[in-house]
Amino acid sequence: MHRALRTHKSPNHSTDRSRRAAHHRRSPRAAQAAAAAVAVALALTACGGGSKDKNSNGGTSSASASGDTVTLPKLNGESLEVAAVWTGEEQKNFKTVLAEFEKRTGAKVTFVAAQDPIINFLGSKIAGGQPPDVALLPQPGAIKQAVDKKWAKPLGPEALAELAKNYSQGWQDIGKVGGKQYGVYYKAANKSLIWYNAKVFENAGAKEPQTWQDLLTTAQTVYDSGVTPFSVGGADGWTLTDWFENVYLSQAGPEKYDQLSQHKIKWTDPSVKQALTTLAGIWGKKNYIAGGANGALQTEFPASVTQTFTGGDQPKAGMVFEGDFAQVNIGETKAKVGTDAKVFPFPAVGSAAPVVSGGDAAVILKDSKAAQALATFLASPDAATIQAKLGGYLSPNKNVPNSAYPNAVQQKIAKSLIASGDDFRFDMSDQAPQAFGGTPGKGEWKDLQDFLKNPTDVAGTQATLEKDAAAAYGSGS
């Protein structure tokens with residue numbers, strides 16, 4: 001989940017997987033090219049300054065100093081509720097975006113803090129007759145579920161026009177159900193990154209790895225220097241699914257990834273055995289994980305990041321895996337992104353490095369002129385540019401100026417995401433039914449937590465994963 005975002009991973013659900021997967025099919029060569037773009041971009045993090053990319057400024061409204069590109073209606077007297085699972089800085093920054101919408105329309109917007117899984121939260125609100133007007137859903141499966149339950153309303157022509165102008169076809173398609181557009185992917189995540197403490201690497205003489213074997217070598221080098229190699233936020237099961245997905249995509253390849261995402265192959269497949277066995281190469285070494293497995297399972301994602309960048313020369317770990325959104329948590333420490341906190345692409349386990357994305361889509365639950373206007377605003381470069389400047393955020397909107405991102409690292413990550421076009425794979429657990437891929441203490445989250453505790457039981461883990469997946473996909477829940 002995008003789970004600083006909650007997850008950012010935020011949890012997810014049953015969806016038209018075959019349709020979305022068809023749009024996102026890519027050859028290993030395409031995957032490698034996209035990964036290479038990320039690698040090259042991140043290698044340039046020492047460079048400063050913004051890009052020369054310009055906002056389109058194609059709207060008919062007067063272009064103010066803030067760069068208005070979209071015309072919004074006057075909504076004086078109207079009120080909206082917007083629900084999302086975001087907390088902390090992420091929530092604060094999004095409220096800044098909503099404040100701009102209020103300023104430009106006259107509407108009053110209230111943010112409603114939701115809990116994971118958000119579909120359950122929304123269900124209780126709807127049952128009580130008080131649904132929010134708009135919800136930010138963190139999985140394609142959640143959009144499908146909201147449509148199946150007849151909660152979600154299709155986007156109107158203004159929002160569709162903004163999407164067509166600002167988004168690649170792939171990002172538009174994952175917001176569709178049955179050919180109709182329901183979601184605006186306002187926030188994206190590059191979930192194929194490993195952040196590291198630059199001082200730890202310097203003291204250890206460690207190098208940024210390019211392959212899984214290199215990563216194991218780097219981990220040993222860090223360990224030999226007296227620092228535990230990895231921090232793992234195992235208390236949040238979604239972080240473990242992200243580990244698995246990156247290993248699996250790189251090792252098994254895009255076609256197998258799509259098949260497993262759709263449950264067209266079983267979790268007892270040999271490819272899953274191979275990926276779990278590979279993961280055990282790190283998870284099975286208790287001295288490689290801060291606090292060992294038990295410590296990791298008591299560490300939530302935010303703490304897994306901050307403990308990597310606090311403690312001077314003796315932090316609790318030298319590296320932490322997660323998406324670009326980890327910058328929000330790094331910002332809670334004294335570490336400076338690009339100097340003290342650096343990043344490298346998730347190493348290639350197979351022939352190509354993985355490129356896994358996640359995201360949060362705005363979906364209308366109560367159709368109105370104001371709700372449609374907010375969806376239109378969130379689909380425009382205007383909204384995303386505001387949050388991009390605040391940091392810890394990544395937009396799939398191709399017309400957000402690269403210079404809006406506040407540091408060189410974030411600029412390179414954003415540029416590589418846009419450059420990849422449709423060459424990405426969406427988070428697998430976010431495509432699964434919520435009961436399997438998006439519920440704390442259940443399904444894949446719980447099964448991988450148990451595997452972290454006992455990484456020698458590959459066959460048993462596969463059997464449990466398959467049992468839980470079969471039940472969830474069969475019911476569509």
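Which residue forms a salt bridge with Asp269? The legends below, drawn from a predicted model, open with this pair.

**View A. The salt bridge between Asp269 and Lys256.** Lys256 is the partner of Asp269, and their closest N and O atoms are 3.4 Å apart. The pair links distant parts of the chain, with Asp269 in the loop between α11 (254-261) and α12 (270-283) and Lys256 in helix α11, 13 residues apart. Asp269 has 16% relative accessibility and therefore counts as buried, the limit being under 20%. Lys256, by contrast, is partly exposed, with a relative accessible area of 29%.

**View B. The salt bridge between Lys191 and Asp242.** The two side chains meet at 3.3 Å, N to O. Because Lys191 lies in the loop between β6 (183-190) and β7 and Asp242 in helix α10 (residues 237-252), the pair ties together parts that are 51 residues apart in sequence. Both Lys191 and Asp242 are buried.

View C. Strands β8 and β9 (residues 319-321) run parallel and are joined by 2 bridges; Ser231 has Val320 in β9 as its bridge partner.

**View D. Helix α16 (residues 369-378).** This helix is mostly covered, with 9 of its 10 residues buried. Among the buried residues are Gln372, Leu374, Phe377 and Leu378.

Notes. Residues are numbered from 1 along each chain as its sequence is written. This is a predicted model: local features need pLDDT of at least 70, side-chain atom pairs count only at pLDDT 80 or more; totals for chains, interfaces and linings use all residues. Side-chain values use heavy atoms; hydrogens and water are left out. Two strands pair if DSSP finds at least two bridges between them. Helices (H or I, at least four residues) and strands (E, at least two) are DSSP runs, numbered from the N terminus. Buried means under 20% relative accessible area, exposed over 50%, partly exposed in between (1.4 Å probe, protein chains only). A salt bridge is a side-chain nitrogen of Lys or Arg within 4 Å of a carboxyl oxygen of Asp or Glu.
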